[in-house]
Amino acid sequence: MEKVFERPKALCNVPLHYCPGCTHGIVHRLVAEVMDELDITGDTIGVAPVGCSVFAYNYFECDMHEASHGRAPAVATGIKRVHNDKIVFTYQGDGDLAAIGTAETVHAAARGENITIIFINNAIYGMTGGQMAPTSLAGQITQTTPYGRNPKTQGYPIRMAEMLSTLDGARYIERVAVDSIKNIKAAKAAIKKAFTLQMQGEGFTMVEVLSSCPTNWGLSPVEALEWLRANMIPHYPLGVYCDKKLEG
Amino acid sequence: MSDKVLMKGNEAIAEAAIQAGCRYFFGYPITPQTEVAAYMAKKMPKIGGVFLQAESEVSAINMVYGAAGAGARVMTSSSSPGISLKQEGISYIAGANLPCVIINIVRGGPGLGGIQPAQSDYFQATKGGGHGDYHLVVFAPASIQEMVDLTSNAFDVADKYRTPVMIIGDGMLGQMMEPVTFQSKETASLPEKPWATTGTKGKREHNIINSLYLNPEDLEKNILERQERYNTIKANEVRYEAVGVEDADYVLVAYGMTARIAKNAMATLRKQGIKVGLIRPITLWPFPTEIFEKTAKTAKAFLSVEMSMGQMVEDVRLAVNGACPVHFYGRTGGMVPTPDEIINEVKKIGGVL
Ligand SMILES: Cc1ncc(C[n+]2csc(CCOP(=O)(O)OP(=O)(O)O)c2C)c(N)n1
Ligand code: SF4
């Protein structure tokens, strides 16, 4: 019988620990498929964050580093400066990238560091049990915003793709979602484009992926995707935010 | 290069690192170590190396973590407040068993403190600094030549034991000039690092640089394995200088620049007929315990002299283990003890004053 669906080679043959219906698994699969299609697993070095995807280092067949919370772009910079012929990517959540690691993210982009960031925006801290993230929406109920996030006292949600796109060092930044087949296909195309640009030495690339956390949103997997569509996409519009040839 | 050249301490460290095969430097500006970075910024691009000014010490040390895991000889340098920021990264580097060299040109603290020389980061350097069960190997040079030699040695020790190594100096050592000789090294002889992330090329299992072990049995095993390496370091790498301790009634203990001042005081006291010796720990960790045990059998008292409120003195007491009294004299906040002050202290202890 012909096999029509199988595990990408770049994904290790181990069970993933993610909750049922969590979209981290989808994004892992997309990154692995892209590595397979570009045939780069043997030349890629990944950096896992602190967050639900901390064990990403066990899931990809390429060499991996585990970084401390928020520092993945700095770690990736160190790796890339040593092996500039390798493809270096980080995989980070919103707390990791947009709160504790904001400086590392902004400056990796400002330097035009030739790395790719896969940014999982699920509007919550998954791993620590559902606290407010820098990307939590106004009014969103979390463990640390039990009355709903009040921007006046708890700040406004950060749009990282837009913010980073203003930097001269940013080569390509796109926001995608993994809530539907159509969007998943677009997400994969964006990831592939980012890796390809890096291989061409073009500079800093980031794909922000709107992702779901059914467990901490307190929703079923299907309801979670509906919530993402109804609430996240209006605040975080999908699209290409920056695709420019770098000066100099 | 084996001719004598006149060099500033901070620049000599940088040159010694380059000659030891270090091609990656990540740092953030802070007084009084800026010349290390400035030298690297000038030299690295010319020899195919990387100098990168990071956005913070936090980033710099994490770049070091990345580069060390990727298999490179890598260094960062800073001064006290910056070293505080690096502690998280240092703990991860130790936890992931990565080699690197960290320079701390110590200034007065706590807080923003001052920019004058100090030795008040002894606890931070030798007792952890960051979280968890780990140690740094800590070298404390007392001259620029020794700074050069120890920098070179630091990279070898780091690679051999897969551990971060710290070189601790102070603003005086960093800024002053002395003639030095470089023993040029074969960079070709750098050790293999089969554990490094260099890309699998499809030829091996993936390498993982990591310090996370959620299963306590695994974490304990990992820590015990590292402890074994620490025991080997304690057996092989202890360094100290001992002068005049055989017949000494009073033994001065000091490291770095303070040891040079103490030596001066010792010479004066000897001329006055007071038998004084000096132990100068060169490795602050591992601490040279044995020479203290030995000397404590014949000495009447020890005097630890430091540019702090008394930090190394605790290790001296542990090493002497009650065999005779251990006294302390220190200046702090950027104040430097003078030979006269030390002479007075010894006389007080000896009941001569
Ligand atoms: C220095 C430090 N502070 C806090 C933590 C605790 N912590 C672990 S994961 C996490 C938040 C992760 O959230 P996010 O980055 O959004 O990823 P997700 O879990 O949602 O995928 C926090 C605060 C830590 N490990 N280290
Ligand atoms: S807590 Fe949320 S983000 Fe984490 S694995 Fe579960 S569903 Fe996914």
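Reader: Which helix gives the most to the shell around ligand 1?

Author: Happy to start there, with the note that this is a predicted model. The shell around ligand 1 has 17 residues, and those that come nearest are A:Gly51, A:Cys52, A:Gly93, A:Gly95 and A:Gly126. By class, the shell around ligand 1 divides into seven nonpolar, eight polar and two charged residues. The helix that gives the most, with three residues, spans 94–100 of chain A: helix H4.

Reader: And how many charged residues does the shell around ligand 2 have?

Author: Among the residues surrounding ligand 2 are A:Tyr18, A:Cys19, A:Cys22, A:His24 and A:Cys52, along with A:Cys213 and A:Pro214. Helix H9 (residues 214–217) of chain A gives the most to this shell, with three residues. The shell around ligand 2 has six nonpolar and five polar residues, and the number of charged ones is none.

Reader: Which elements of chain A do the buried residues of H1(A) pack against?

Author: Helix H1 of chain A covers residues 24–38; its 15 residues should span 21 Å at 1.5 Å a residue, and its end C-alpha atoms are 21 Å apart, which agrees. Its buried residues include A:His24, A:Val27, A:Leu30 and A:Met35. Just after H1(A), A:Asp39 takes a positive phi of about 55 degrees. The buried residues of H1(A) pack against E1, helix H2 (56–59), strand E4 (116–121), helix H8 (181–199) and strand E6 (204–210) of chain A.

Reader: Which strands sit at the edges of the open sheet?

Author: The open sheet has eight strands with mixed pairing, in the order E7(A)-E5(A)-E6(A)-E4(A)-E3(A)-E1(A)-E2(A)-E9(B). Within it, strand E3 (residues 87–93) of chain A and E4(A) pair in the parallel sense over five bridges, and A:Tyr91 stands opposite A:Ile118 in E4(A). An edge strand pairs on one side only, and the two that do so are strand E7 (239–243) of chain A and E9 of chain B.

Reader: Which element gives the most to the side of chain A that touches chain B?

Author: In total, 28 residues of chain A are in contact with 35 residues of chain B. The elements giving two or more residues to the chain A side are strand E1 (44–48), strand E2 (63–66), helix H3 (72–82) and helix H5 (102–110) of chain A. By class, that side has twelve nonpolar, eight polar and eight charged residues. The element that gives the most, with eight residues, is H3(A).

Reader: How far apart do the C-alpha centres of the two domains of chain B lie?

Author: Chain B is divided into domain 1 (5–236) and domain 2 (242–350). Across the boundary, 26 residues of domain 1 are in contact with 22 residues of domain 2. On the domain 1 side, H5(B) gives the most, with four residues, and the classes there are 16 nonpolar, eight polar and two charged. The C-alpha centres of the two domains lie apart by 28 Å.

Reader: Why is helix H1 of chain B described as largely enclosed?

Author: The buried residues of H1(B) include B:Gly9, B:Asn10, B:Glu11 and B:Ile18. Just after H1(B), B:Gly21 takes a positive phi of about 95 degrees. Helix H1 spans residues 9–19 of chain B and is largely enclosed by the rest of the structure because the buried share of its eleven residues is ten.

Definitions and conventions:
Residues numbered from 1 in each chain as written. Chains lettered and ligands numbered in written order. Predicted model: local features only at pLDDT ≥ 70, side-chain atom pairs only at ≥ 80, totals over all residues. Contact = placed C-beta atoms within 7 Å. Nonpolar A, V, L, I, M, F, W, Y, C, P; charged D, E, K, R; others polar. Domains from an automatic or database assignment. Near = placed C-beta within 6 Å. Buried ≥ 20, exposed ≤ 12 C-beta atoms within 10 Å, placed from the backbone. Expected span 1.5 Å × (residues − 1). Pairing = 2+ DSSP bridges.
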